[in-house]
Amino acid sequence: MALDRNRLLDQANLLLLPRERSLPALELTDEQGQRFTTEQLLGRWHLIFFGFTFCPDVCPTTLSDMRRLLRSLPADTRDQLQLVMVTADPARDTPDKLKSYLSYYRAGFKGLTGTMDTLQQLSRSLGLPFVPAGRSEGNYNVSHSGNIAIIGPDGTLRGHIRAPLNLDGLREALPDVIEAE
């Protein structure tokens, strides 16, 4: 089934790339403190965004919206999707902090952290820029994109869900994107 890219963009703020892009082989740490590599993105669809646990607005809104969206999708679509929050603030976002933060949403979201260099490589490859904080202590903010990368089951970048999220449009579009695979 051919997807209507213009309709996806207009109705769901979902931008599919003209061709998929490979991701670099990177090693991170998940919210359980376990090694996580980009190879582990194979086998199912992943929705990845960069954020941080001290974020006052974009991150809690995005996670709440995605929880609502995923719960509203048909079970067969939902089972093929995994939301992953990658920290843009590794100084404060330890695996334990990510695990605790993501557990508030009771939605099975994954969290990833790593070295700043690795996180920057991943953000560039996904087209989700963030500006590292100039400090690692006290109360500070991290500037980051509100967009979400779509990774196909072959581990390639397929496109982006652009902020602001259009939940009604995504509810219709995501099953179409997955079924077109």
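This is a predicted model: local features need pLDDT of at least 70, side-chain atom pairs count only at pLDDT 80 or more; totals for chains, interfaces and linings use all residues.
The largest nonpolar core has 55 residues, and Leu 14, Leu 63, Leu 126 and Ile 161 touch the most other members. Helix α6, residues 167-179, contributes the most to this core, with six residues. For Leu 126, neighbours within four places in sequence can be set aside; the contacts that remain are Arg 21, Leu 23, Ile 48, Phe 50, Ala 149, Ile 151, Leu 157 and His 160.

The structure holds three aromatic pairs. In one of them, Phe 50 and Phe 130 are stacked, at 5.4 Å centre to centre and with 20° between the planes. This pair links distant parts of the chain, since Phe 50 belongs to strand β4 (residues 45-51) and Phe 130 to strand β7 (residues 130-131), 80 residues apart. Phe 50 counts as buried because its relative accessibility is 1%, and Phe 130 counts as buried because its value is 6%; the cut-off for buried is under 20%.

Tyr 101 and Tyr 105 form an edge-to-face pair, with 5.8 Å centre to centre and 70° between the planes. Both of these tyrosines are buried. Ring pairs join Tyr 101, Tyr 105 and Phe 109 into a cluster.

The largest pocket has a volume of about 250 Å³. It is lined by 14 residues, of which Leu 3, Arg 5, Leu 16, Arg 158 and Glu 181 are the closest to its centre. Strand β1, residues 14-21, gives the most to the lining, with five residues. By class, the lining has nine nonpolar and five charged residues, and no polar ones.

The backbone comes last. Most residues other than glycine have a negative phi, and most peptide bonds are trans. Asn 13 has a positive phi, near 55°, and is found in the loop between α1 (5-12) and β1. Arg 106 also has a positive phi, of about 45°, although it is not a glycine; it lies in the loop between α4 (95-103) and β6 (110-113). As to accessibility, Asn 13 is buried because its relative accessible area is 17%, whereas Arg 106 counts as exposed because its relative accessibility is 59%. The peptide bond that joins Ala 163 and Pro 164 is cis, with omega about 0°.

Conventions
Residues are numbered from 1 along each chain as its sequence is written. Side-chain values use heavy atoms; hydrogens and water are left out. On a 1 Å grid over the protein atoms alone, a cavity is a set of points where a 1.4 Å probe fits but cannot get out, and a pocket is an open set with protein on both sides within 12 Å along at least five of seven lines; lining residues have an atom within 4 Å of a point. Grid points are joined across faces, edges and corners, and a volume is the space filled by probe spheres set on the points. Helices (H or I, at least four residues) and strands (E, at least two) are DSSP runs, numbered from the N terminus. Ala, Val, Leu, Ile, Met, Phe, Trp, Tyr, Cys and Pro count as nonpolar, Asp, Glu, Lys and Arg as charged, and the others, Gly among them, as polar. A nonpolar core is a set of buried Ala, Val, Leu, Ile, Met, Phe, Trp, Tyr and Cys residues joined through side-chain atoms within 4.5 Å. Buried means under 20% relative accessible area, exposed over 50%, partly exposed in between (1.4 Å probe, protein chains only). Contact means heavy atoms within 4.5 Å. Rings of Phe, Tyr and Trp (its six-membered ring) pair if their centres lie within 6.5 Å; planes under 30 degrees apart count as stacked, over 60 as edge-to-face and the rest as tilted.
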